[in-house]
Amino acid sequence: MNKVLPIMMAMALTAPLSLSAMQIASANLTSANITSDAPKTNSDATVVVGSATKPKFTAHSAKDVSKAADAADSANVLLKKRLHGLQQYQAAFNQTVTDAQGNIVHEAQGTLTIMRPNKLRWETTFPDETLLIADGEAVWNIDTFVEQVTIISQDQAIKDNPIVLLTANDDETWDSFVISKLDDAKASSTLEQYQIVPKSTDGQIKSLTLGFNSDGILSTLDMLDAQDQTSALVFSKQDLDFAIDTAKDNLFSVDVPQSYIIDDQR
């Protein structure tokens, strides 16, 4: 399913969110090199050490670091509180994927269902019918067109992917990301927005931005990938209290028809 991913989890659980999570290739991102001809400066803010400039650690900069740490801790707590209200979440979505130049490369409509911890169902109805299920242990990508199911480990599928915070509760997972609350000057709407950036640079996702409405309900999700494609989802018809009969609904389980090819990569 080499299309633009279903939500990169669904993006990996989207890469891009409309491409299959099963076919995300690891991006080899390298750190920017510091050139050896960096100019010397007389500024009090920097000292020249060898070929690179380094900031002086002053009392002022220490306060800035402390302030930033406090803001990050606060954003972490606030986002955890918001997502704690999503013990279960179901919504219709409209998805638009744009490239680095802002051109639309994919559009989709469907339904997202989440149950904490670690369960997700991503189903598109337009332009194609696709289904991706994360059952807590594995991610199942069901392609009805070619009658094939691809299965991968859920831990591997969402490694370093900020989408994991939608369903994860443990501190170890949360500590893998830097979270900031966007102020009014940075926010692109009137929503309460949080940006999540992986500490690792080895993954496919650069950042995830979640937007909550005045009732604290998830309303938008924007994901920027390593190829500078952006997947923007707008949610509607959100339901936080829908009835689930796991024995009957099979929302997070897969019954594979005998005629389907199974590609088990776990």
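**Ground rules.** I worked on a predicted model, in which local features need pLDDT of at least 70 and side-chain atom pairs count only at pLDDT 80 or more, while totals for chains, interfaces and linings use all residues. I numbered residues from 1 along each chain as its sequence is written, and side-chain values use heavy atoms, with hydrogens and water left out.

**T124.** I found T124 in strand β5, residues 119–126 (strands are DSSP E runs of at least two residues, helices H or I runs of at least four, numbered from the N terminus). T124 counts as buried because its relative accessibility is 7% (buried is under 20% relative accessible area, exposed over 50%, partly exposed in between, with a 1.4 Å probe and protein chains only). I looked up its side-chain partners next. The T124 side chain makes a polar contact with the side chain of T130 at 2.4 Å, and a polar atom of the T124 side chain lies 2.8 Å from the backbone oxygen of D128. A polar contact here is a pair of N or O atoms within 3.5 Å; within protein, one must be able to donate a hydrogen and the other to accept it, and residues adjacent in sequence count only if both atoms are side-chain atoms. Leaving aside neighbours within four places in sequence, T124 is in contact (heavy atoms within 4.5 Å) with F93, Q109, G110, E129 and T130.

**Cis peptides.** I noted two prolines around β5. R116 and P117 are joined by a cis peptide bond, omega about 0°; P117 sits in the loop between β4 (104–115) and β5. F126 and P127 are also joined by a cis bond, omega about 0°, and P127 is in the loop between β5 and β6 (130–134).

**V254.** I placed V254 in the loop between α4 (246–249) and β14 (261–264). With a relative accessible area of 25%, V254 is partly exposed. Beyond its neighbours within four places in sequence, V254 is in contact with I133, W140 and I142. Its C-alpha atom is 9.6 Å from that of V149, 105 residues away along the chain.

**Positive phi.** I checked two residues other than glycine. D228 has phi of about 65° and lies in the loop between β12 (218–225) and β13 (230–239). At 33% relative accessible area, D228 is partly exposed. K237 has phi near 55° and is in strand β13; at 72%, K237 is exposed.
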